[in-house]
Amino acid sequence: MGVNDDAFMQRALELARRAADEGEVPVGAVVVREEKVVGEGWNRPIAGRDPTAHAEIQALRDAARNVDNYRLTGATLYVTLEPCDMCVGAMFHARIARCVYGATDPKKLVLKNQVKLEGGVLAEPCGAILTSFFAARR
């Protein structure tokens, strides 16, 4: 546990209350780097008409804007509810070092059991455009 975990989670709780006041599921999140809050968010999928507008995503977007970089290397994300698979994936891509959550989500879904994934359609040209892009950058 970090020295200021309780204080940062307290801020996430304040943001969760804001979500509740807006009629959203009460989840709040903050991104912290070098003991400073660099991003905040609360659930807004209803208001934003955006299924990805979870508190964690909102906080990651805010932090990326504030530090002017989509990579948040070394940061900690505090969230009041155990993150879903989408949010964990976003944390991975943002290079979040640590995630601290409050309540465990007893309804947490494993997405691969809920969404039928089908691969291989135009696999060769889809792979070629990526290979070409990264080869040009090296």
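Modeller: Helices (H or I, at least four residues) and strands (E, at least two) are DSSP runs, numbered from the N terminus. This is a predicted model, in which local features need pLDDT of at least 70 and side-chain atom pairs count only at pLDDT 80 or more, while totals for chains, interfaces and linings use all residues. Residues are numbered from 1 along each chain as its sequence is written, and side-chain values use heavy atoms, with hydrogens and water left out.

Biologist: Which pattern does the chain follow along the sequence?

Modeller: The pattern reads α-β-β-α-α-β-α-β-α, made up of 5 helices and 4 strands. The C-alpha atoms fill a box of roughly 50 × 35 × 30 Å along the principal axes.

Biologist: In what order do the strands form the open sheet?

Modeller: The order is 2-1-3-4, with mixed pairing; two strands pair if DSSP finds at least two bridges between them. Strand 2 (36-42) and strand 4 (98-103) are the edge strands, each pairing on one side only. From one strand to the next, the twist averages 15°; axes are lines fitted to C-alpha atoms, for helices over the stretch in contact, and angles run from 0 to 180 degrees between N-to-C directions.

Biologist: How many bridges does strand 1 have with strand 2, and how many with strand 3?

Modeller: Strand 1 and strand 2 are joined antiparallel by 6 bridges. Between strand 1 (residues 28-33) and strand 3 (residues 76-81) there are 4 bridges, also antiparallel. Ala-29 has Gly-41 as its bridge partner in strand 2 and Val-79 in strand 3. Val-32 is bridged to Thr-76 in strand 3.

Biologist: And what about the hairpin of strand 1 and strand 2?

Modeller: That hairpin has 2 residues between the strands, and Glu-34 takes a positive phi near 55° there.

Biologist: Why is strand 1 largely enclosed?

Modeller: Strand 1 is largely enclosed by the rest of the structure because 5 of its 6 residues are buried. Buried means under 20% relative accessible area, exposed over 50%, and partly exposed in between (1.4 Å probe, protein chains only). Of the 138 residues of the chain, 30% count as buried.

Biologist: Turning to the helices, which strands does helix 3 lie across?

Modeller: Helix 3 (residues 55-67) lies across strand 1, strand 2 and strand 3, and runs at about 140° to strand 2. Gln-58 belongs to this helix.

Biologist: Is Gln-58 buried or exposed?

Modeller: Gln-58 counts as buried because its relative accessibility is 18%. Apart from neighbours within four places in sequence, its contacts (heavy atoms within 4.5 Å) are Glu-40, Gly-41, Trp-42, Arg-44 and Ala-53.

Biologist: A change of topic: where is Tyr-101 placed, and what does it touch?

Modeller: Tyr-101 is in strand 4. It is partly exposed, at a relative accessible area of 36%. Not counting residues up to four places away in sequence, Tyr-101 touches Met-9, Val-79, Leu-81, Glu-82 and Pro-83.

Biologist: How far apart are Tyr-101 and Leu-72?

Modeller: Tyr-101 and Leu-72 are 29 residues apart in sequence and 18 Å apart in space, C-alpha to C-alpha.

Biologist: Lastly, how many positive and negative side chains does the chain have?

Modeller: There are 18 positive and 18 negative side chains, and the centres of the two sets lie 5 Å apart. Lys and Arg count as positive and Asp and Glu as negative, with His and the chain ends not counted. Each charge is placed at NZ of Lys, CZ of Arg, CG of Asp or CD of Glu.
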